[in-house]
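Have your viewer ready and try each task before you read on.

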Amino acid sequence: MRLEYFQMVDRVVTLGADHISVESQVPETSPVFEGHFPGYPIVPGVLLVETMAQTAGWLLLALERMERMPFLLKVNGANFRGFVGPGAKLVVEAKRTHDGSGYAVAEARILSEGKRVADAEITFRIMPFPAEALREAMTATASRIGLPGHSGAGQA
Amino acid sequence: MTSPVFDRIAEIIAENSEVAHEDITPGAHVINDLGIDSLDFLDIVFAIDKAFGIKVPVETWTQEVNAGTAPAEQYFVMGNLAQRIEELVAAKQAKG
């Protein structure tokens, strides 16, 4: 996990027909922690939402066979149930709950030491890649995090 | 006199937007007259999908309108929209 580069997913653990599980480790240090908060570093809630959105996004990308890109459209009922600090090892799970025409809805949650620390319902618009460079970048990242169907074992 | 499907769609629109229920008439264009934006429209489609157990083919409809092979009114005027939904529900029931 590299917070300042929005690299929220380290490794895909499992990928199923409508669900995904990934691992991410919060870095021990990050410029983000200098401001959030001085003397008491915790991952901002918006970045936990981003982590859930990226996890669900990888599920949808896999289901779309990397041919179309999901873009965040709506976050519903986001809950932050516990603090996430430096070094925390996270398991992030997402499940597609609705496959619409040009959109999809997923439920996602973050676990830390087996305890749920965040959850949300996330809606995505799904559309053709608007730029070839984006498609190439997503394909390269898919390989880095070990998305099944793409080479690469996944790494932090 | 409106159909039960029309009335259910009108309820969904009123619940998912700021449009007053009485403004949702059979001749109203969902976007031009009711002023529903794209996010609200997807919320409405999501609710229709769930309520009727169907997948409203919005992508196909939009492509047809953009390509000029179908008039927007065919899908996005309330009375016609309700009729399209009824057709989708009937097709689903026919499949069993």
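Helices (H or I, at least four residues) and strands (E, at least two) are DSSP runs, numbered from the N terminus. The model is predicted: local features need pLDDT of at least 70, side-chain atom pairs count only at pLDDT 80 or more, and totals for chains, interfaces and linings use all residues. Residues are numbered from 1 along each chain as its sequence is written, while chains are lettered from A and ligands numbered from 1 in the order in which they are written.

**Exercise 1. Backbone of chain A**

Solution: Phe37(A) sits in the loop between helix 1 (31–35) and helix 2 (45–63) of chain A.

**Exercise 2. Helix 1 against helix 5 in chain B**

Task: Work out how helix 1 and helix 5 of chain B are oriented, and which residues meet.

Solution: Axes are lines fitted to C-alpha atoms, for helices over the stretch in contact, and angles run from 0 to 180 degrees between N-to-C directions. The axes of helix 1 (residues 4–16) and helix 5 (residues 78–95) of chain B come within 9 Å and cross at roughly 110°. Helix 1 of chain B is therefore roughly perpendicular to helix 5 of chain B (angles under 35 degrees count as roughly parallel, over 145 as roughly antiparallel, 65 to 115 as roughly perpendicular and the rest as oblique). Two residues are in contact if their C-beta atoms, placed from the backbone, lie within 7 Å. On that basis Val5(B), Phe6(B) and Ile9(B) of helix 1 meet residues of helix 5 of chain B including Met78(B), Leu81(B) and Ile85(B).

**Exercise 3. Helix 1 against helix 2 in chain B**

Task: At what angle do helix 1 and helix 2 of chain B pack?

Solution: The angle is about 135°, with the axes 9 Å apart, so helix 1 of chain B is oblique to helix 2 of chain B. Among the residues in this contact are Ile9(B), Ile12(B) and Ile13(B) of helix 1, and Ile44(B), Ala47(B) and Ile48(B) of helix 2 of chain B.

**Exercise 4. Where the chains touch**

Task: Which element of chain B gives the largest share of the side that touches chain A?

Solution: Begin with the totals: chain B gives 10 residues to the contact and chain A gives 8 residues. Two elements of chain B give two or more residues each, helix 2 (38–52) and helix 3 (58–67). The largest share, 5 residues, comes from helix 2 of chain B.
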